[in-house]
Amino acid sequence: MTANRRSRNITEGVARAPNRSMYYAMGYKKSDFANPMIGIANGHSTITPCNSGLQPLADAAVEGVRAAGGNPQIFGTPTISDGMSMGTEGMKYSLISREVIADCIETAVQGQWMDGVLVLGGCDKNMPGGMIGIMRANVPAIYVYGGTIKPGHWKGKDLTIVSIFEAVGEYSRGRMSQEDFDGIEQNSVPGTGSCGGMYTANTMSSSFEALGMSLLGSSTMANPDADKLESAKESARVLVEAVRKNLKPSDIVTKKSIENAVTLIMATGGSTNAVLHYLAIAHAAGIDWTIDDFERVRQRVPVICDLKPSGQYVATDLHKAGGIPQVMKLLLDAGLLHGDCVTITGRTLAEELAKVPSTLRADQKVIFPLDKALYDKGHLAILKGNLSPEGAVAKITGLKSPVLTGPARVFDDEQSAMAAIMENRINAGDVLVLRYLGPKGAPGMPEMLAPTSAIIGAGLGESVALITDGRFSGGTWGMVVGHVAPEAAVGGNIALIREGDSITVDAYTLMLQLNVDDAELAKRRAAWTPPKPRYTRGVLAKFAKLASSASRGAVTDAFEG
């Protein structure tokens, strides 16, 4: 759709009079129809602190669109709070909400023939859902992140949402007092904004700067701060200019710019969910990007940011240290970014970073120079083997040795695994297997933050492995392997594991192996029957029917032919 096509169609001939009448009812004047119609996909809600501070940013964007000569058209998108739904049946709707958000944006932008769209979101799935919708619509677009939360505090220690999940494990093992447990619970989330570490929301929003679809510096601003309002207004102005230039997402999001985004994710120690989401974004954009491309990038990009969950600092600390632009400047100078990629401003990434210093501030401890990297290679390793021939994702930061061979402890749901951890029935050396939790099996591929945090809280983070065909929160760390594909529900070998089987997890050799011979596996497969669908109506049933393998992004429109 070319710039102002919607406006031109409205003003052409008497046949368009009914269309204009609808706009007159909302206060439009005849002269307004010469200006671009700019959608504002507003994710504001009072469901979660991630999104409860978005309305002022939407108001600022409206003001920015009008000041730039555009007509703002606001419509809503839903959200599911991962933090609130974690460990419950509601968590199954989290990944599904990514698709619902994408569908909302595509439907509103295309159905109303908008000339451009500014997408505003906060919680985890708002970002990939928004970008997928942007790529499908392919009108000039910009993403405005709602901003990070500020850290909570208890007895001089910075807190995030993950602090309370880990406290559950500590308290259950008698390693924490009631006073400290209550203090952490009541102070870990101090106000509005998305979870503060380099978890999924901050991972995806940061990567959008590298992708070229958000303004530089915008992803690490705190939601309550004045600079976030100004950034939303400036984003609107830049978008209206992009509409006039007819600069579309397909001009910006390319294989090279996705590689820039993934490079940034590796350098900052971002969430495992980024693998799933960038597979889906690339699919929506029609770009050839596979799970093996993540491993290719990982091999050449070091981790240079000391950020939670496995590190010490949060997004507001990163912002003070120079933010994502400072990280990207180091990567660009080292030849690890494609500086010729165009951004939403119309300038290249190299041009956008020209004024960013090449040397780090002496008073910051968050970002490291490449020759003093925390890890020589990226942290999101793609493991393969007879348990994951299509691939699985391991997060290996914060570990002394990401290698373990041990007996399988098998669970067909999250709740029974959580009970075993809380009742001290999991021992050092065990390999927990949580299965039937994939895109089709759960359905919805829920995150396993509660069990992984309980393992950390119990002091078993270095000595127990957990593998699953489900997902992990961006706040997860430890010896964890998710996205195992094929999943159990479709007959992947993870469905054939029995209690006590030997399993090897080895992030050095990129192997995930069930140490059972082929003949025995064939015998087990002959006796295996697929489970009945857990849902037969509604969005969960639709997702289970349509979702692709996690190795392809768990997308719902990967139709053959």
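My entries below go sheet by sheet, then turn to the helices.

**Entry 1: before starting.** I'm reminding myself that this is a predicted model.

Entry 2: I looked up the strand order and got 2-1-3-4, four strands in an open sheet with parallel pairing. Strand 2 (71-76) and strand 4 (141-145) are the edge strands, each pairing on one side only.

I then zoomed in on one pair. Strand 1 (residues 37-42) runs parallel to strand 2, and six bridges join the two. For a landmark I noted Asn42, which stands opposite Gly76 in strand 2.

**Entry 3: what sits on that sheet.** Helix 3 (residues 55-67) lies across strand 1, strand 2, strand 3 (116-121) and strand 4. Its direction is at about 175° to strand 1. Helix 6 (residues 126-137) packs on the sheet too, where it touches strand 3 and strand 4. I get about 175° between the direction of helix 6 and that of strand 4.

Entry 4: Next I traced an open sheet of eight strands, with mixed pairing and the order 7-8-12-11-10-9-13-14. Strand 7 (380-383) and strand 14 (511-514) are at the edges with a single partner strand each, so one side of each has no neighbour in the sheet. The twist from one strand to the next averages 25°.

Strand 9 was worth a stop, and I wrote down both of its pairings. With strand 13 (residues 502-506), strand 9 (residues 403-411) pairs in the antiparallel sense over five bridges. Val403 stands opposite Asp506 there, and Gly406 has Ile503 of strand 13 as its bridge partner. With strand 10 (residues 431-434), strand 9 pairs in the parallel sense over four bridges. Ala408 is bridged to Val431 of strand 10.

**Entry 5: helix 19, from the sheet side.** Helix 19 lies across strand 10, strand 11 (465-468) and strand 12 (479-485). It runs at about 175° to strand 11.

**Entry 6: helix 19, from the helix side.** How do helix 7 and helix 19 cross? The axes of helix 7 (residues 161-172) and helix 19 (residues 449-457) come within 7 Å and cross at roughly 60°. The two helices are therefore oblique to each other, and helix 7 passes helix 19 in a right-handed crossing.

I listed the contact residues as well. Helix 7 brings Val162, Phe165, Glu166, Gly169 and Glu170. Helix 19 brings Leu449, Ala450, Ser453, Ala454, Ile456 and Gly457. Sorted by class, the contact has six nonpolar, three polar and two charged residues. A side note on spacing: residues three or four places apart in an α-helix point the same way, because there are 3.6 residues a turn.

**Entry 7: helix 16.** Is helix 16 mostly covered or mostly open? Mostly covered: 10 of the 11 residues in helix 16 (residues 323-333) are buried. Among the buried ones I find Gly323, Pro325, Gln326 and Lys329, along with Leu330, Leu331 and Leu332. The buried residues pack against helix 9 (200-211), helix 12 (255-268), helix 15 (315-320) and helix 17 (349-352).

Conventions: Residues numbered from 1 in each chain as written. Predicted model: local features only at pLDDT ≥ 70, side-chain atom pairs only at ≥ 80, totals over all residues. Heavy atoms only, no water. Axes fitted to C-alpha atoms, helices over the stretch in contact; angles between N-to-C directions. Parallel < 35°, antiparallel > 145°, perpendicular 65-115°, else oblique. Left-handed = near helix turned anticlockwise from the far one by under 90°. Contact = heavy atoms within 4.5 Å. Nonpolar A, V, L, I, M, F, W, Y, C, P; charged D, E, K, R; others polar. Buried < 20%, exposed > 50% of the residue type's maximum accessible area, 1.4 Å probe, protein only. Pairing = 2+ DSSP bridges.
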